Amino acid sequence: MAGAEAITGAQRAPEGALAAQDHAREELAAQDRAREHLAALIREAGSVVALTGAGISVPSGIPDFRSPGTGLWERMDPTEVAHIDAFRADPARFWGFYGERFASLIEKRPNGAHAVLAELERRGLLDGVITQNVDMLHRRAGTRELVEVHGSIATSSCLVCGRTVALAAARALIAAEPDGVPRCAECREPLKPDVVLFGELLPQPAFARARELCEGADVLLCVGSSLEVHPVAGLPLPTRERGGAVAIVTQGPTPLDGIAAVRMRGDVVAELEGVLGALDRPDPA
Ligand code: ZN
């Protein structure tokens with residue numbers, strides 16, 4: 001099947017040329033073709049790797065801060081409050097915000113899209129998940145080979161002595177300290193969550209591993225990422241340069257839509273469950 005046939009939603013007939021009903025039917029058929037095409041690519045691939053962004057966690061109730069009008073981020077500018085300079089200048093203010101973020105993330109549960117990726121790995125069809133998310137939902141869903149390129153809320157560390165505490169311990173410290181700043185038991189320095197703040201570089205070992213996975217991938221399945229935040233946004237390029245296919249499942253446009261072999265624009269849970277369904281059907285080839 002040609003890549004262009006698999007593109008859903010992009011080929012709209014001229015207004016009025018088709019009845020709305022025909023149009024809807026055509027869209028559904030295109031959606032099915034895209035799912036079948038991606039299932040076929042996954043079956044044929046030696047290595048499949050997933051790259052996920054904020055969009056995969058939206059159905060779990062975690063808003064993407066790039067979408068206006070949602071939750072915590074509506075009241076503050078994340079690039080200012082979640083910045084390494086803000087942490088260093090005023091840890092109490094930083095933790096006033098980040099403690100609330102911990103509390104909002106800790107009750108969230110993985111959704112069907114996280115579950116499909118964990119299931120593909122269990123079946124030996126997926127080599128790993130690279131995520132920009134810090135919410136721990138992939139590991140809660142059961143993904144084992146996980147590269148968290150922006151870190152995660154699972155631990156917080158002392159920048160002076162390197163001592164690390166787990167999320168539950170960090171939350172207990174936040175609650176116990178009068179100023180709400182969790183501090184290192186060793187040197188009393190404020191702890192920092194092990195997430196990549198604005199103004200910080202990505203952890204090099206994680207990024208090197210992500211790049212290695214993308215270079216070796218026959219299929220890179222990008223889910224819920226706008227592919228706009230560098231350097232992660234550049235990860236599909238080595239896959240493409242080595243002859244692999246890039247599949248993009250996200251609602252908004254991405255700068256890499258032009259190189260995508262498969263482009264899906266539906267709800268991420270429905271699209272990935274649809275791909276799993278297509279894999280469960282006998283191979284038509
Ligand atoms: Zn310390």
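**Exercise 1.** Leaving aside its neighbours within four places in sequence, which residues is leucine 159 in contact with?

*Solution.* First, some ground rules. This is a predicted model, where local features need pLDDT of at least 70, side-chain atom pairs count only at pLDDT 80 or more, and totals for chains, interfaces and linings use all residues. Residues are numbered from 1 along each chain as its sequence is written.

Step 1: find the spot. Leucine 159 sits in the loop between strand 4 (151-158) and strand 5 (164-166); helices (H or I, at least four residues) and strands (E, at least two) are DSSP runs, numbered from the N terminus.

Step 2: look for contacts, meaning two residues whose C-beta atoms, placed from the backbone, lie within 7 Å. Once neighbours within four places in sequence are set aside, leucine 159 has Glu189 and Lys192.

Step 3: check a distance. Leucine 159 and glutamate 189 are 30 residues apart in sequence, and their C-alpha atoms are 7.8 Å apart in space.

**Exercise 2.** Work out whether leucine 159 and threonine 52 are buried, partly exposed or exposed.

*Solution.* Step 1: get the rule. A residue is buried if 20 or more other C-beta atoms lie within 10 Å of its own, exposed if 12 or fewer, and partly exposed in between, with C-beta atoms placed from the backbone.

Step 1: apply it. Leucine 159 has 15 C-beta neighbours inside 10 Å, so it counts as partly exposed. Threonine 52, in strand 1 (residues 48-52), has 27 such neighbours inside 10 Å, so it counts as buried.

Step 2: see who threonine 52 touches. Leaving aside neighbours within four places in sequence, its contacts include Val129, Asn133 and Ser225.

**Exercise 3.** Describe how strand 6 is placed and paired.

*Solution.* Step 1: count buried residues. In strand 6 (residues 191-195), 5 of the 5 residues are buried, so the strand is largely enclosed by the rest of the structure.

Step 1: find its partner. Strands pair if DSSP finds at least two bridges between them; strand 4 and strand 6 run antiparallel and are joined by 4 bridges.

**Exercise 4.** Find which residues have the most contacts inside the largest nonpolar core.

*Solution.* Step 1: a nonpolar core is a set of buried Ala, Val, Leu, Ile, Met, Phe, Trp, Tyr and Cys residues joined through C-beta atoms within 7 Å.

Step 1: the largest one has 51 residues, and Cys222 and Ala247 have the most contacts inside it. Helix 11 gives the most to this core, with 6 residues.
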